[in-house]
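Work through the exercises below with the sequence and the 3D structure at hand. Each task is followed by a solution in steps.

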Amino acid sequence: MWIADGWKDYEVIDCSGGEKLERWGKYILVRPDPQVIWDTDKKAPQWRKMNGHYHRSSKGGGEWEFFSLPEQWSINYKGLTFQLKPFSFKHTGLFPEQAANWDWFGEKIKNAGRPVKVLNLFAYTGGATLAAAKSGASVTHVDASKGMVAWAKENAKSSGLEDAPIRWIVDDCVKFVEREIRRGNHYDAIIMDPPSYGRGPKGEIWKIEDAIYPLVKLCAKLLSDKPLFYLINSYTTGLAPAVLTYMLGTAVVPQFGGTVSSEEIGLPVTSSKLVLPCGASGRWEA
């Protein structure tokens, strides 16, 4: 497992009974987590001192209950600053476990010894975009949500990267990739963080099981002559790490060689010293 253990402003304090107890900066949140199927004693005192609690509804979805929490606050990770805002469906605007990938590709970009162009698809609030830009890459950031791209720009400004070479694109990721192929554009690295299910700006349906492999193959056509890496993240429990390895192994390796490795990614749990699994990542590298 690849573990995001470099955080100072974030921690999973404990997890039990379908929920995780987290510290985001100085604020304590309790949020549901489908991986937490055990029911252990909630001994950590922060369970009784939470600032916000997301309650899942039996009908699907859920809602936040706030006690003393600002509408927005920020946390830092290795020189990056992220604005957090609790919003619909339990999210805060950041997936902290992705720091394990930021560290990995950040080193690859820094050590490349050449300019690196990165394409970040389903780029959300820009965690990977900013990590790549801070490491020296020029980045094309693509997301179907205008609001998420605006939030990512806010994070770039907070991180002192507002003048970094980042192209901000609001578009359906598949259609954008098809246009880039027609335009003859190429990238040295690709990052994709596809949702399990989603809709594009014009209502295009995305179902990961049907759409992910065709997109992986399509994106391979955008790779430069000497690509650096290709990263796929999956939060879909049905896509095991071996599936990510097979996709990258069949879509990228025949043309470019290199190696593929895939693992679960996780966050350390302070109270138990265990690691909470948070999906999987597949990495191809030259």
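Predicted model: local features only at pLDDT ≥ 70, side-chain atom pairs only at ≥ 80, totals over all residues.

**Exercise 1.** Find the distance between the side chains of K20 and D33 in their salt bridge, and state where each residue lies.

Solution. Step 1: the salt bridge between K20 and D33 has an N to O distance of 3.2 Å, and a search of the whole structure finds 12 salt bridges.
Step 1: K20 belongs to strand 3 (residues 19–24), whereas D33 sits in the loop between strand 4 (27–32) and strand 5 (52–56). The two are 13 residues apart, and the pair links distant parts of the chain.
Step 2: to class the two residues, use the cut-off for buried, which is under 20% relative accessible area. K20 has 10%, so K20 is buried. D33 has 8%, so D33 is buried.

**Exercise 2.** Determine which residues are joined with E180 into one network of salt bridges.

Solution. Step 1: E180 pairs with R167, their closest N and O atoms lying 3.2 Å apart. This pair links distant parts of the chain, with E180 in helix 4 (residues 173–183) and R167 in strand 11 (residues 166–170).
Step 1: E180 also forms a salt bridge with R183, where the closest N and O atoms are 2.8 Å apart. Both R183 and E180 are in helix 4, separated by 3 residues, about one turn of the helix.
Step 2: through shared partners, the salt bridges join R167, E180 and R183 into one network.
Step 3: compare the accessibilities with the cut-offs. E180 is buried, at 0% relative accessible area. R167 is partly exposed at 37%, and R183 is partly exposed at 46%.

**Exercise 3.** Is the span of helix 3 close to or far from the span expected at 1.5 Å a residue? Then describe where its buried residues lie.

Solution. Step 1: helix 3 (residues 146–158) has 13 residues. From the first C-alpha to the last, helix 3 reaches 19 Å, close to the expected 18 Å.
Step 1: the buried residues in helix 3 are M148, V149, W151, A152, N155 and A156. They cover an arc of only 160° around the axis, so they are on the same side of helix 3.
Step 2: K146 and K157 are exposed on the other side of helix 3.
Step 3: the buried residues of helix 3 pack against strand 8 (80–84), helix 2 (127–134), strand 10 (138–143) and strand 11.
Step 4: just after helix 3, G160 has a positive phi of about 70°.

Terms used. Residues numbered from 1 in each chain as written. Heavy atoms only, no water. Salt bridge = Lys/Arg side-chain N within 4 Å of Asp/Glu carboxyl O. Helix = DSSP H or I, 4+ residues; strand = E, 2+ residues; numbered from the N terminus. Buried < 20%, exposed > 50% of the residue type's maximum accessible area, 1.4 Å probe, protein only. Expected span 1.5 Å × (residues − 1). Arc of directions from axis to C-beta. Contact = heavy atoms within 4.5 Å.
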